[in-house]
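Please consider the structure below together with the account that follows it.

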Amino acid sequence: MEKEERLTKQIKTIYTEIARRLVDPSFSFPEGGQAQRQLSKFIVDFTQICGGEFNISRLVDYCVFQLHKNRNAQYQRTLAPKAFGPTALQKYLSMYSKSKVYSEDKWLSEAQLTREYLNSLVNKREHPQAKYIYMPSEECTKKRGINTDIGFVICSTSTLMWSPFSPACQMCMNVEKCKQETAIKYPELYRIRLEEYGKRR
């Protein structure tokens, strides 16, 4: 389970970096059960194709291929999970070629991106608190009593508080106060949240 979570995060990291730099700056990978199931199935199928080991370099090639192929499509957020479906995987296997890699690399260079850089995004050692940078499971709690004093108390006692990636935090009027409290209560988590946010802007 932990391995699947790590691989899912790596897929989203690579795909999102390319999408934001070359397709849609506001892109965010869809959360939810359907997208998660699609990625879980993809991890199994892709691992088999790679000879029983999940290959990050080949994943980078796959994400570049899918986004380059669909670069002019509308509704990228809706399209993202389908890019990891069985039909998309078959197209990758049947269409991948050296000439396609050349045109993809030219496309990547428009945003000063390289495959080596995309590999480095997930091959570096992950911070032990990285999984807490944004926790979608906290959104429901954060929205309870949002913009009220009692809501702030609920949030500060039942969640890991402010995250720049949280839709609830972006709507909350207590955000400045919460940021200060988060910095005091969780200084290292606060630091890496700001760092990660800076990278994705």
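**A guided reading of the model**

Not counting residues up to four places away in sequence, L59 touches Q10, I11, I14, F42, F46 and F54, where contact means heavy atoms within 4.5 Å. The model is predicted, so local features need pLDDT of at least 70 and side-chain atom pairs count only at pLDDT 80 or more, while totals for chains, interfaces and linings use all residues. Residues are numbered from 1 along each chain as its sequence is written, and side-chain values use heavy atoms, with hydrogens and water left out.

Buried means under 20% relative accessible area, exposed means over 50%, and partly exposed lies in between (1.4 Å probe, protein chains only). Helices (H or I, at least four residues) and strands (E, at least two) are DSSP runs, numbered from the N terminus. In soluble globular proteins, nonpolar side chains tend to be buried together.

Helix α7 (residues 115-123) holds L118, which counts as buried because its relative accessibility is 0%. Leaving aside neighbours within four places in sequence, L118 is in contact with I14, E17, I18, V60, V64, L108 and L113. L118 and E17 are 101 residues apart in sequence, yet their C-alpha atoms are 8.0 Å apart in space. N119 lies in helix α7 as well and, at 13% relative accessibility, counts as buried. With residues up to four places away in sequence set aside, N119 touches I56, S57 and V60.

How do the helices α1 and α2 meet, and at roughly what angle do their axes cross? The axes of α1 (residues 2-22) and α2 (residues 33-49) come within 10 Å and cross at roughly 105°. That makes α1 roughly perpendicular to α2. Axes here are lines fitted to C-alpha atoms, for helices over the stretch in contact, and angles run from 0 to 180 degrees between N-to-C directions. Angles of 65 to 115 degrees count as roughly perpendicular, those under 35 as roughly parallel, those over 145 as roughly antiparallel and the rest as oblique. On the α1 side, E4, L7, T8, I11 and K12 meet Q36, L39, S40, F42 and I43 in α2. By class, this contact has five nonpolar, three polar and two charged residues. Ala, Val, Leu, Ile, Met, Phe, Trp, Tyr, Cys and Pro count as nonpolar, Asp, Glu, Lys and Arg as charged, and the others, Gly among them, as polar.

K12 leads on to the charged pairs. K12 forms a salt bridge with E31, the closest N and O atoms being 3.1 Å apart. K12 lies in helix α1 and E31 in the loop between α1 and α2, so the pair ties together parts that are 19 residues apart in sequence. K12 is buried, at a relative accessible area of 16%, whereas E31 counts as partly exposed at 44% relative accessibility. A salt bridge is a side-chain nitrogen of Lys or Arg within 4 Å of a carboxyl oxygen of Asp or Glu, and a search of the whole structure finds eleven of them.

Another pair is K100 with E104, whose closest N and O atoms are 3.4 Å apart. Being four residues apart in helix α6 (residues 98-109), the two are separated by about one helical turn. Both K100 and E104 are buried. R191 forms a salt bridge with E188, with closest N and O atoms 2.8 Å apart. These two lie three residues apart in helix α12 (residues 187-200), about one turn of the helix. Salt bridges that share partners join D61, K100, E104, D105 and R115 into one network.
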